[in-house]
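Look at the sequence and the fold together. The paragraphs below go from the core to one helix and then to a group of rings.

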Amino acid sequence: MRIIETKTYEDMSKQAANIIASVVTLKPDCMLGLATGSSPIGTYEELVKKYEAGELDFSEVTTVNLDEYKGLPKENKQSYYYFMHDNLFDKVNIKPENTHLPDGTNLDSEEEAARYEALVQSLGTVDLQLLGLGRNGHIGFNEPGDSFVEPTHCVDLKESTIEANKRFFESADDVPKQAYSMGIGTIMRAKKILVVVSGEDKAQALKDTICGPISPKVPGTILRLHPDVTIVADEAAMSLMK
């Protein structure tokens, strides 16, 4: 595991974007696993800047997203479909048919989880998987539990996750209570994993992920078993690691 500490969120975003850009440059037809939430927004902004400067070409890139809220239509501004188009897809030359997310409008949990898992596997191996880290140590929407769930599945979101995400909605009551998420096994099959972590509120989760016992109670700890993981974290997120 490689850990890069940066001074600020902006520096973290630039470092992460540089890592992703190197993968796209070296392998133009690469497959990227993408994350949502506040942590990677700056990274996507930096990738858009590189595209606009003529430094990056997304025309052959394929993407698969980690997760999607169950029950939200694509046009809902809080859906991850909307998020990805608003922050990246509509601002670069990626082909719409090469972008893939779970279908939050499919309310049949077993059917949608199986469909998306089969789709991801059919596309090949993810060259780089981008992750954030939840305040409770979740990756994707793999919440703390008694075991690591390997395939794509429907998750009952923890109260702490709903509380953390309510800032994007009018109230906590409006936050969906379930989401589709790639499983731990799906994530761990990626060739490279890049984790972006920002803010003092993530400091304990980051410390537990790096230093605590490997346990499904802190899902991020499983990343220590992957052969190629880079964590880019700002000073605030690293504050408990001194």
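The largest nonpolar core has 67 residues, and L32, Y69, L88 and L206 touch the most other members. A nonpolar core here is a set of buried Ala, Val, Leu, Ile, Met, Phe, Trp, Tyr and Cys residues joined through side-chain atoms within 4.5 Å; buried means under 20% relative accessible area, exposed over 50% and partly exposed in between, with a 1.4 Å probe and protein chains only. Helix 1 gives the largest share of this core, eight residues. The model is predicted: local features need pLDDT of at least 70 and side-chain atom pairs pLDDT 80 or more, while totals for chains, interfaces and linings use all residues. Residues are numbered from 1 along each chain as its sequence is written, and side-chain values use heavy atoms, without hydrogens and water.

Helices (H or I, at least four residues) and strands (E, at least two) are DSSP runs numbered from the N terminus. In helix 2, the buried residues are G42, T43, Y44, E46, L47, V48 and K50. They pack against helix 1 (9-26), strand 2 (31-34), helix 3 (80-87), strand 6 (128-131) and strand 9 (192-197). After helix 2 comes G54, with a positive phi near 80°.

There are six aromatic pairs in the structure. Rings of Phe, Tyr and Trp (its six-membered ring) pair if their centres lie within 6.5 Å; planes under 30 degrees apart are stacked, over 60 edge-to-face and the rest tilted. The ring centres of Y44 and F83 are 6.4 Å apart with planes at 70°, so this pair is edge-to-face. Because Y44 lies in helix 2 and F83 in helix 3, the pair ties together parts 39 residues apart in sequence.

Key
Contact = heavy atoms within 4.5 Å.
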